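Please look over the structure shown below. The report that follows takes up a few of its parts in turn.

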Amino acid sequence: MSLYHLQKFLYELNRDEAAQEKYRADLDALISEFELTTEESEALREGDIGLLYVLGVNGQILMHYAAFLGIEWFDYLDQMRAGIEQYGPVRAGVYAMTGGGESYTAEGKKQ
Amino acid sequence: MSLVYAGVLSHAPGITGRADLCENVAKRDEFYAALENQRKEIEATGAEALIVVAAEHFANFFMNNMPAYCIGIGEKYEGPIEDPDWLKIKKTTVPGAPDLGTRITREVMQTVDAAYAEEWKFDHGIMVPLNFLTPAYDLPIIPVNINCQGPPLTPLPRAWAFGEALRRACDAVPEKIAIVGTGGISHWPATPDSGKINEAWDRDFLDRLMRNDQAALLDYDDAETYRDAGQGGFEIRTFIAVAAAAGGHGDLQFYTAELPIFAVGCTVARFSLTSQD
Ligand SMILES: [Fe+2]
């Protein structure tokens with residue numbers, strides 16, 4: 001478990017345009033700079049929002065990463081919910097889902 | 001007396017970023033009007049700088065070296081770090097107040113061990129308030145951060161003491177200074193529960209805040225806050241610090257739980273300023 005390093009990867013990516021360039025040019029090289037498990041590296045290669053959420057990435061970090069990947073808002077919420085279904089409850093970190101996976105907005109229910 | 005304004009307002013990326021998705025347009029526009037009123041109130045005080053007490057979201061501070069409190073003393077700041085099309089706020093440069101910020105930091109340090117920073121990238125937590133309060137980005141900003149994201153978090157009585165220290169520091173300089181605290185009350189932002197709001201909890205907190213009842217404001221426990229108000233509820237620290245800085249009663253100018261698309265109960269309030277001596 002290296003949630004710290006996984007979040008550090010995303011923190012750097014979210015705030016640093018040079019890291020974003022590197023992400024686009026050579027993702028594997030960027031990944032190799034961090035102490036990540038195979039599962040974590042794979043989640044980053046795939047942009048697997050659901051797994052990253054279950055691994056415990058703080059939503060404030062994950063939300064910015066999802067925006068960087070160009071994922072629309074309601075899709076972002078759905079991908080986290082799908083992650084819970086596929087991989088089980090959040091394993092670590094501050095953020096856990098406390099609701100039943102429902103949408104809390106009228107706007108989201110229609111999507 | 002050089003603190004000339006104290007208030008609070010909500011931040012959330014949805015307030016600008018998801019404005020077009022919002023269906024309750026009347027309520028949304030009422031909220032925007034309350035923010036515009038807050039802008040005018042600040043402008044009318046002749047404030048020469050604006051302190052923004054924020055709860056940033058891993059734009060600058062991370063678990064490698066997390067300060068409980070940090071004050072910005074940079075010449076300028078870049079923001080937002082987020083994709084501008086997503087946040088619907090253009091990337092821009094915001095002027096800082098290095099000399100004033102340094103004098104304020106020195107005075108705060110008499111009682112609170114604050115960190116300081118000459119570099120600071122603004123995220124939605126500061127950019128969304130500025131988008132409404134200084135849309136031309138022409139007022140020097142002193143960003144202030146309270147760690148509300150990565151536990152262990154500073155205890156509430158310390159946030160109060162920090163607010164008092166900011167007040168003492170503002171009153172020790174000749175410049176006219178406005179201060180706003182920006183947080184959420186109950187909310188579960190950026191999680192699958194985004195949009196969930198505990199309105200009863202919010203209203204109870206706001207009642208304590210508007211009475212500026214120190215004992216009642218500090219009578220929260222983080223485990224209970226997490227249960228009832230979500231991890232977003234930890235951001236009450238910013239409101240509490242500004243209440244301590246203001247010293248007077250508050251006037252709740254706007255609150256609604258009817259804009260869940262913004263993922264936060266939307267709040268605008270100002271405080272009366274009382275002398276601390
Ligand atoms: Fe926030």
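## The interface of chain B and chain A

In this predicted model, the interface of chain B and chain A holds eight residue pairs in polar contact, both residues being at pLDDT 80 or more; a polar contact is a pair of N or O atoms within 3.5 Å, where within protein one must be able to donate a hydrogen and the other to accept it, and residues adjacent in sequence count only if both atoms are side-chain atoms. By class, the side of chain B that touches chain A has 18 nonpolar, ten polar and eight charged residues, with Ala, Val, Leu, Ile, Met, Phe, Trp, Tyr, Cys and Pro counted as nonpolar, Asp, Glu, Lys and Arg as charged, and the others, Gly among them, as polar.

The area buried between the two chains is about 3300 Å², and carbon and sulfur atoms give 61% of that area (buried area is the accessible area, with a 1.4 Å probe, that two parts lose on being put together, summed over both). In chain B, the residues that lose the most area to chain A are Phe62(B), Ala190(B) and Pro192(B), together 21% of what that side buries.

## The iron site

The iron ion is coordinated at 2.0 to 2.1 Å by His11(B) and His57(B), each through NE2, and by Glu235(B) through OE; donors are N, O and S atoms within 2.8 Å of the metal (3.2 Å for Na, K and Ca), and water is not among the atoms, so sites may look incomplete. His11(B) and Glu235(B) are 224 residues apart, and this pair links distant parts of the chain.

His11(B) counts as buried at 2% relative accessibility, and Glu235(B) is likewise buried, with a relative accessible area of 2% (buried means under 20% relative accessible area, exposed over 50%, partly exposed in between, with a 1.4 Å probe and protein chains only).

## Backbone features of chain B

Most residues other than glycine have a negative phi, and most peptide bonds are trans. The peptide bond from Gly79(B) to Pro80(B), however, is cis, with omega near -5°, and the bond from Pro151(B) to Pro152(B) is cis with omega near 5°. Phi is positive in Tyr137(B), near 50°, and in Ala190(B), near 65°; Ala190(B) is buried, with a relative accessible area of 1%.

## Conventions

Residues are numbered from 1 along each chain as its sequence is written, while chains are lettered from A and ligands numbered from 1 in the order in which they are written. Local features need pLDDT of at least 70, side-chain atom pairs count only at pLDDT 80 or more, and totals for chains, interfaces and linings use all residues, while side-chain values use heavy atoms, with hydrogens and water left out.

Technical notes: Helices (H or I, at least four residues) and strands (E, at least two) are DSSP runs, numbered from the N terminus.
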